[in-house]
Amino acid sequence: MEQTPLWEVFVRARRGLSHTHVGSLHAPDAELALRNARDLYTRRQEGVSIWVVPAGAIIASSPDEKDAFFDPAADKVYRHPTFYEVPDGVAHL
Amino acid sequence: MYGNDFSAPDDAAGGGLLGEVEAAEAELREAAGRQRRGGPAPDEDLAAYFTEVIDAEQKIEPRDWMPEAYRRTLIRQIAQHAHSEIIGMQPEGNWISRAPSLKRKAILLAKVQDEAGHGLYLYAAAETLGISRDELVRLLLDGRQKYSSIFNYPTLTWADMGAIGWLVDGAAIVNQVPLCRCSYGPYARAMIRVCKEESFHQRQGYEILHTLAHGTPAQQAMAQDAVDRWWYPSLAMFGPPDGNSTHSAQSMAWKIKRFSNDDLRQRFVDMCVQQAEILGLRIPDDDLRWNEERQAYDYTQPDYDELMRVISGDGPCNRERMAHRRAAHADGAWVREAAAAYAAKRAGQKEKVAA
């Protein structure tokens, strides 16, 4: 038999928080993946909402390409508010 | 409180261990927050980078380069741990139908379900290292990977549910709390989740024993008998003495393991003495006494020859546990096949609608 598909599970712990990756599980289809996720990852009211995503559908960057991949961010320090000098006495900025 | 030292024995019970799990979790977040490069530079030596990450108390993640031996050690250890959780359902499952009240039955069911959950968290962590679930299940069923020898002992009375919770889960927690700081991220995160749930297990066991120990003389005797039988096998759970432990040194260097077998065993003994006093039960060791110089209890070592015999297959229940696991796996095949067939059928219907 073929390997049962792998799903990644994301749980929103409380209203107002984003979904966070909590782990993975195997299930033949989305519906069972959701039910299994409920039984496995929220036995103690750890969440108010669950996402299940086929693991194969996640496209990840690889650590090898990390420096080059994220380089464009490193030379754009002006994207951070701390880059800017605020003149003395300016309020609400 | 966190760092490389144990807390004092008097605050180590219950809340103390949970506190350590929370400290490990906070430390994990704190380490992640420390500024670091995301990965090695293109021309950097990968082995040096790996060592640097570990030395900086940071986590190795699934897609990082790692030495093959590190990967193999982790797969072996995590798989063995997962198998233990799954086989560990049997000794307690044995008493679900005979629990003395509806409340005890509901609690025991929840506990055994947790063990299944722990097995699944751990299998998922092992799979991030590139081994498939089917292969892991196969390795267990073929007897090519082991599980904790403690589950090869029988559960003869209801008091054994108490002794397992207090001593076996207690020893497991002492073993596992340091694993919350393991250098491999998915394992550390799974262990934090497991340890939080284990503390419920330990307390429910302690409560069972406390109730029995304060009951009728027959109940007290049953509780004492359970402690007599489970004490030494629980001490043996920490593995052979440091001098004979094959995997320890390298695992310590890789920060998979944080403390030696003997250190953890000592810590467990020191915790149990006071807990046994409150239970009013006797730890079956005539040589158990406080050593002022060492600031720890002297105690009798478990029979390590027995440990080796049980590990190599000759314990009271080895064959029964494996036969039960194989039968459960075979008997469940139709469920897996039906679920797969249903999923395939529904996928087919969707395609038709889409066409």
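The model is predicted. The predictor gives the complex an ipTM of 0.80 and a pTM of 0.87. Chain B itself is divided into domain 1 (18–32 + 41–311) and domain 2 (316–354). Between these two domains the buried area is about 1100 Å².

**Confidence**

- Chain B has a mean pLDDT of 90. In chain B, 94% of residues reach 70 or more.
- Residues 1–14 of chain B stay under 50 in pLDDT. For this stretch the model has 23 contacts beyond four places in sequence.
- Where pLDDT is low, predicted coordinates should not be read in detail.

**Interface of chain B with chain A**

- On the chain B side, 26 residues are in contact with 22 residues of chain A.
- B:Arg63, B:Tyr121 and B:Arg193 supply 24% of the area that chain B buries against chain A.
- Five salt bridges cross the interface of chain B and chain A.
- A:Arg44 forms a salt bridge with B:Glu197. The closest N and O atoms of A:Arg44 and B:Glu197 are 3.3 Å apart.
- Eight residue pairs are in polar contact across the interface of chain B and chain A, with both residues at pLDDT 80 or more.
- Four helices of chain B each give two or more residues to the side that touches chain A: H5 (102–127), H6, H8 (185–213) and H14 (333–354).
- By class, the side of chain B that touches chain A has eleven charged, ten nonpolar and five polar residues.

**Interface between the domains of chain B**

- The C-alpha centres of domain 1 and domain 2 of chain B lie 29 Å apart.
- Contact involves 15 residues of domain 1 of chain B and ten residues of domain 2 of chain B.
- Of the area buried between domain 1 and domain 2 of chain B, 61% is on carbon and sulfur atoms.
- In domain 1 of chain B, B:Gln90, B:Leu141 and B:Asn152 lose the most area to domain 2 of chain B. Together they make up 48% of what the domain 1 side buries.
- The count of salt bridges between domain 1 and domain 2 of chain B is zero.
- Six residue pairs are in polar contact across the interface of domain 1 and domain 2 of chain B, with both residues at pLDDT 80 or more.
- Helices H3 (68–87), H4 (89–93) and H6 (133–141) of chain B each supply at least two residues of the domain 1 side that touches domain 2.
- H6(B) gives the largest share of that domain 1 side, three residues.
- The domain 1 side that touches domain 2 of chain B divides into eleven nonpolar, three polar and one charged residue.

**Salt bridges**

- Over all chains, the count comes to 26 salt bridges.
- One salt bridge joins the side chains of B:Glu20 and B:Arg267, at 2.6 Å from N to O.
- B:Glu20 lies in helix H1 (residues 15–33) of chain B and B:Arg267 in helix H11 (residues 261–279) of chain B, so this pair ties together parts that are 247 residues apart in sequence.

Key. Residues are numbered from 1 along each chain as its sequence is written. Chains are lettered from A and ligands numbered from 1 in the order in which they are written. Side-chain values use heavy atoms; hydrogens and water are left out. pLDDT is the predictor's confidence in each residue, from 0 to 100. Contact means heavy atoms within 4.5 Å. Domain bounds come from an automatic or database domain assignment. Buried area is the accessible area (1.4 Å probe) that two parts lose on being put together, summed over both. A salt bridge is a side-chain nitrogen of Lys or Arg within 4 Å of a carboxyl oxygen of Asp or Glu. A polar contact is a pair of N or O atoms within 3.5 Å; within protein, one must be able to donate a hydrogen and the other to accept it, and residues adjacent in sequence count only if both atoms are side-chain atoms. Ala, Val, Leu, Ile, Met, Phe, Trp, Tyr, Cys and Pro count as nonpolar, Asp, Glu, Lys and Arg as charged, and the others, Gly among them, as polar.
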